[in-house]
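The sequence and the structure come first.

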Amino acid sequence: MKRKLGSSTRQWVKPGVAGYEAFAKLGQFLATATIDQLDALSIFGDPPRCVDKIRKYSAVGLKHLMVMFDWGGMPQRTIFHSMELFAKYVMPYFSDADEAVEIGAQAK
């Protein structure tokens, strides 16, 4: 994740691009963020950990979640394995109407 964020932030922090100052600030934060800071803002890990974090977001009103499995430089089979784990062990916990969280997946 740090590798992907590092490459993305280089594009966001280009000097002289008017109107994108907020992206530059976000890019600067992400380029220097610690794993603990990223953990507080994102969901990653094994399926039980992901279920727990999604439940916490759901409890405060989250209705939509966009997930990304390709974090730059990962082998395709690793990406597909992560997608399979998510579909099999995470998504079923959120199919109940009482805990409905729409899950959208984005993979590159």
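A residue counts as buried when its relative accessible area is under 20%, and as exposed when that area is over 50%, with partly exposed in between. By that rule, 25% of the 108 residues of the protein chain are buried. The model is a predicted one. Its secondary structure comprises 5 helices and 2 strands, and the order from the N terminus is α-α-α-α-β-α-β. Taking contacts between residues at least 6 apart in sequence, 56% join residues at least 24 apart.

- The whole structure holds 3 salt bridges.
- R49 and D39 form one of them, with their closest N and O atoms 2.5 Å apart. R49 belongs to helix α4 (residues 47-59) and D39 to helix α3 (residues 35-41), and the two residues are 10 apart.
- D39 also pairs with K53, at 3.2 Å from N to O.
- The C-alpha atoms of D39 and K53 are 9.9 Å apart in space.
- Leaving out residues up to four places away in sequence, D39 touches F44, R49 and K53.
- K53 has 13%, which is under the 20% limit, so K53 counts as buried.

- D52 and K56 form a salt bridge in which the closest N and O atoms are 3.3 Å apart.
- Both residues lie in helix α4, and because they are 4 residues apart, about one helical turn separates them.
- D52 is partly exposed, at a relative accessible area of 38%.
- K56 has a value of 54%, and is exposed because this is over 50%.

- The 13 residues of α4 should span 18 Å at 1.5 Å a residue, and the end C-alpha atoms are 18 Å apart, so the two values agree.
- At the N-terminal end, D46 caps α4, with a side-chain oxygen 3.0 Å from the backbone nitrogen of R49.
- Just after α4, G61 has a positive phi of about 110°.
- P47, C50, V51, K53, I54 and S58 are buried in α4.
- The cover over these buried residues of α4 includes α3, β1 (64-68) and α5 (76-90).

**Nonpolar core**

- Which residues make up the largest nonpolar core? This core has 10 residues: C50, V51, I54, L65, V67, F69, I79, F86, V90 and F94.
- Two or more core residues come from each of α4, β1 and α5.

**Helix α5**

- With 15 residues, α5 should span 21 Å at 1.5 Å a residue; the end C-alpha atoms are 20 Å apart, which agrees.
- I79, F86 and V90 are buried in α5. Their arc around the axis is only 50°, so they sit on the same side of α5.
- Q76, R77, E84 and K88 are exposed on the other side of α5.
- I79, F86 and V90 are also among the residues of the largest nonpolar core.

**Helix α2**

- Helix α2 (residues 21-32) has 12 residues and reaches 17 Å from first C-alpha to last, close to the 16 Å expected at 1.5 Å a residue.
- A24, G27 and L30 are the buried residues of α2. They cover an arc of only 130° around the axis and therefore lie on the same side of α2.
- The other side of α2 has A22, K25 and T32 exposed.

Definitions and conventions: Residues numbered from 1 in each chain as written. Predicted model: local features only at pLDDT ≥ 70, side-chain atom pairs only at ≥ 80, totals over all residues. Heavy atoms only, no water. Salt bridge = Lys/Arg side-chain N within 4 Å of Asp/Glu carboxyl O. Buried < 20%, exposed > 50% of the residue type's maximum accessible area, 1.4 Å probe, protein only. Contact = heavy atoms within 4.5 Å. Expected span 1.5 Å × (residues − 1). Polar contact = N/O pair within 3.5 Å; in protein donor to acceptor, adjacent residues only side chain to side chain. Core = buried A, V, L, I, M, F, W, Y, C linked by side-chain atoms within 4.5 Å. Arc of directions from axis to C-beta.
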